[in-house]
Amino acid sequence: MSKIGNTIVNGNLNIQGSNTEFNSDAIKIKDNIITLNSKETSNKISNGKAGIEIERGSSTNYQLVYDETDSELKAGLSNNLKPLASKEYSDNNMANTQTNLNEQIYQNDYINVLPKIGYYQDDTVEVVSKYNCNNPTSYGQLSNPVCTVDTLGRTILYFMANDGSYDTDGKYQLYYGYREGNSTMTFVNEPLIIQDAPNNYIEGIVSCDNDWIVLKFNGRYYIYDTNYSVNPDKWTNRKDITSIIKSTWCIGFKFMRKYNTIAIAYLNNRSYTAENCGILEIYRYSDLKLLQSYPLENFAKYAITPGRYLDSNKQNSKLSDSGNMTSSYETRHNSSFIIYDNEELIVFTNCGVSFNYYGANSNTVSNSLDGYIHIAYNVPKSIFMGNTGTITTLTKDHDLFIRSPMVTLFNQFGNCSYYVVSYNSLDNITYLCGCQRDAFVYGVCEMDNTLQRNVSSTEYLGIYQGKWIGVNISWPSDASVWGKQIQKGFNMWDVFVLDGRSKQYNNGAQKWFNVKQWQKYKGQSNTNIIEPKPGGYSVNTNIQSYPYYAQLFNGFTTNRMNDGSATYYACANYNNSTGYVGLYKYIRDSDSSKDDEAFATHHELIKNVNIGTIDEWNKLLFKGQATNLYMNGIYYNPIGDYFIIFCKDCTTYIDSNTPNFAQTMCLGVIKNNGEKIAFDIDKQNQYGALKGLNDNLCNWRISYNTNLNKRTWTCIDKYTILICIEWSLSNNSYGAYTVKLHFNDDTYSSFTITSTGNSGMYSYSANIDRPINIYYSGPKYGLMCSGNGWTRSPMMFKTQYPIFNGEGKRYTDDEFISNPGANANTYYMYLQSSQGLIAYVPSIPIFLGGYFEVIQNPIAVNLQPNTNNYIYLERDSSTKELKAYALITKDIEEGSKQFSRILLARVLTDSANPIETEYYRINTGYNDYTFRKTVKVTQPEHGKIYVNDKIGTEFKFELGTDVTIKAVADNGYVVNYLDVSNGNTGG
C-alpha cells in the first residue's frame, strides 16, 4: 500500500508482517505504557531478554533491557550490560564492595609485619636434601616413642631414628617432634646430642615425664633430669640406674620426684597358671636402695577353667575343653604396666591372648588370637612413698577375655602391637605410645588420670575414655618416594614394581613406584647394596600396576612363554553358583623397548570361563561330603591353555567323627575343551609333599588354617608350575614352602609334586614381604623373589640372573628353584637410597604474604644438575597457596624486603644428587624498614569514594593508621565496580 500525504485511520490498525519501519522525524504516542513482546505465551521471555536498543552507527549500540537469565533490568552497551541501581541492588552491591575492601585492607594491615618462621621467629628455614630421621624404629618394648609436655605447653614426642642408610643400619639416635595445641607435629631434623652416649647412638627409651627421661645406651640405663627442656645441654644429674632395671618385659616405670622414689612394675612370669605374674618394686631415687617389693597376683589363673563364659552376661562364647588356651602371655600385643600413683592404681593389660572357645549356641570350636586380659591393682599411696601397705586385686571375673574396651581403644588407631607408657605430671596425664607390629604406624593415646579410678565397671579401670591425640603422629618427613618402608616388591617385564610408604603421599599411603635402572651404593663396585639410579625410577600413577588387583581375586600367574617373554594373568570374580570366572590379562601400556622406567599397566578381561560350580567340584573331589568347601585358588597356564583349581574343606575339626578330609586341599584341571580332571580324596598318594601336609593337618583336633599363597604362581613351561603353600596352626606355629608341580603329559591326568627349598625365612603377615614366592620377571633377570621377612629395611631381592652385567652368576632353573636362599644373586635396597635431584622445604609454621599457616607436608623442589639451585618460597597472590621452586639465578638477596617471597637456600648439585647446602637469613634488615602502600580506587562517574573523608581517586597513606574507605552510589544511575589495585613504593 502506498499513500502520499496525511492519512487518518479510524479504528484499529493491525499490521501483519515481519518488519515495520518508520522514517519519521518525530513519533508521539499517547499510551502511557508501551508493551513489548506482547505475543509471549510462556511464563518468561522466550528469547531471553526484551527492551529498547539505540542505534549508534558504527559504534556499539546501547540497550535498556530486561534480562531473563538473572531477572535484572540492565542498561549499557549491548556487549557490556550492567544492572540498573535499584536501592536493593545498591545495598547488596555496596555490601559486597565493603567485603572486598575489608579483605584488601586486612592484607594491607599485615604488609608491614615481618615474615615469620616458626613459632619463635627463627631466622632460617633448613631446606633439606636428606632427612636424618627418615627411618624411625618400629615396634618394640624400648623402641617406641614416648610423649610428654614441656613448660611452653608443647606436646613433645621423643623417638629413635636414623637416616635409613646402609651406614647407619641398626644404629639409632634420639630425635624429637613438637606441636602446639592440635597443630601438626613438627619434627626436628637434627639428632639430640646425648652426653656420654658412644657416637651419640642409643639403644632404647624406657619412659619419660615433664622433667625426666630414661634412656638405654652402651648396654646400660640412665635417667636424666631434663629440667623441662628438649635441649640436652640443659639436662643434668645423669644417674646410672642399670642395677634396678631387672627386666623390661612389659615394664612400667615412673620416677615420683615428690616422694624421691622410683616405681618399677614388670612381668616376671608369663604362665597363665602361675600364682603371680609380676613384681612391683619401689626404690629410693637418691641412693637406689630397694624400699619395698610386692608380688602382683596373676588373676588369669582364674580364667583357664574349661566352660567358663567369656562375657559377663554368660550368653555368648565360652572356653572349650580342647587345647583351652596358650600357656603364657603373648607380650607382642599391647602389654605393659600403667602406674597411676595419685589414683593409687596399677593396671596390667595384654591383648595377645590365644584361646579356643565354643561360639554362641554352637559346638564348633573356634580360635582367637585377640583375647584380652585386664588386671587392676589397688596400690596405697604409702607404697609409692616407699612405706608398707597392702596391694589388692580389683579385677573381676568378667574382665578376662572380654575384647573391649582395651582392644576397641587400640583399634581406633590401627591396632597397636606394643605400647610404652610415659607421663605428663604437670597436667595429670598418662600417654600410651603405640606402634603397629608389621607396618610403620605410630599413635599416642592420652589418658586423663582423674577419670581412671571412679568408673562404672572394673573392666574400665585405668583405660577409661582414652583419647587418641595423634594417628600416624610420628611420621617424620621423607627423603624419597618410598619413605618409611618398602612394604612389597614385584617385577613385571623386568621392571621392579615396589610398594613404598612415604609421607609425601597422604601421610604414608601406599604408593607404587617403578625402578628400571639401578646403581651400586655410593658407587662402590664390591657391594650387593644397590639403589635406584637417579632418573631411573618414577612413581607409578596407575594403581592397576599392582599385580594382584581385581574386584574379587582368585589367583595370579607369572608365565615364562616359549620365547622367553613374560606374561601375567589373573583369575577373578568366581561365582560359586554359576561356575564362571573372569580371565584377565595384564597389558603394558608403554613401549617396552625403551630403556626407561616409566610404564603403567592395566588388565583386560579376556573371557569368562565356566570351570564348574562349587557343588560340582564337591562331588568330584570330596564325594559330596565336604560341608564347607572353599575355592582356595584358580590359576591359568597360558602356555598349555588350561586352568588349575584348588579346593579346601574348611570344616573345623571338633571330634573324631569329623571326616578325615576336613581342612584337606584337593586339585582339579580344566582343559581348554572343557574336560575336568579331578584329583580326588582317594588319589592323595600321588600328592607327595602335599599329602604329607594334609596328613599332618588332619591330626590336629583344634582350629588351624592352611592356604595356598594366592598372590603368585609361576608357570615356567607347559607342564611345570611353582606353588607356594602357607600354613598356620592354633598353637601359633606357622610356615611356608614352595612345591613344584609337574604334569607328566598333555592329558594332565597325572603329575609329580616335590618340595623345593626356600630363602630360609618366613613371616605370617600380609604387611611383611617375604621371599617365598618365586615369580618370572622377564628374560633380563629371570626368576625372582623379593622381601626380607621381619626386617622392614633393607628390602631384599633375589634374582636368577644378575642385575649388573658381568657380575654374579646365571643360575639354572633347578638351581634357583631348589634353593633360592643359596643359589641366587642377592641384593639389598635401604630406605635412604639415592634420592635424585630433589630437595624439600620442611614442615614449619610460617607467616608469609599476609597469611599464617603450618606447612603440613614437605614441599618438594626439583633441582637442576651440576649447578647452584636457589630455593624460593612464595605465596601465590591469587590462590594464596605457598609454592616452592628453584632457579639457577639469584634474583633477590639475603633478607630481601619482599612481602610474599623469600629466598631460603642455595643447593649445589652434581649430576645426580645435592652435595652442598647454604641457608639464607630471612629477617635481616627488616627492623629499620617501613613499607608504604598505594591503594588506587577507581569509581564510576556518578559514584563517590571517600578515604578518611577526603574525596579523590588516588590516595597514599602509611599502614598502621586508621583508614576509612567508603563507597557511595547515586540511586538511579548505573554503578560501576570498585577497582582496588596495589603498588609498592620505596621497595
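Strand β57 (residues 901-909) runs antiparallel to β55, and 7 bridges join the two. The model is a predicted one. Within this pairing, Glu-874 stands opposite Arg-901 of β57.

β55 has another antiparallel partner. This is β56 (residues 882-887), linked to β55 by 6 bridges. Here Arg-875 has Leu-882 of β56 as its bridge partner. The two pairings are set out below.

| Partner of β55 | Residues | Bridges | Direction |
|---|---|---|---|
| β57 | 901-909 | 7 bridges | antiparallel |
| β56 | 882-887 | 6 bridges | antiparallel |

How many residues lie between β55 and β56 in their hairpin? There are 6. Lys-880 sits in that turn, with a positive phi of about 65°.

Now the cysteines. The structure holds 0 disulfides. Cys-433 is in none; its nearest cysteine sulfur belongs to Cys-147, 5.2 Å away.

Is Cys-433 buried or exposed? Its relative accessibility is 0%, so Cys-433 counts as buried. Cys-715 is buried too, with a relative accessible area of 1%. Both calls follow because buried means under 20% relative accessible area.

How values were computed: Residues are numbered from 1 along each chain as its sequence is written. This is a predicted model: local features need pLDDT of at least 70, side-chain atom pairs count only at pLDDT 80 or more; totals for chains, interfaces and linings use all residues. Side-chain values use heavy atoms; hydrogens and water are left out. Two strands pair if DSSP finds at least two bridges between them. Helices (H or I, at least four residues) and strands (E, at least two) are DSSP runs, numbered from the N terminus. A disulfide is a pair of cysteine sulfur atoms within 2.5 Å. Buried means under 20% relative accessible area, exposed over 50%, partly exposed in between (1.4 Å probe, protein chains only).
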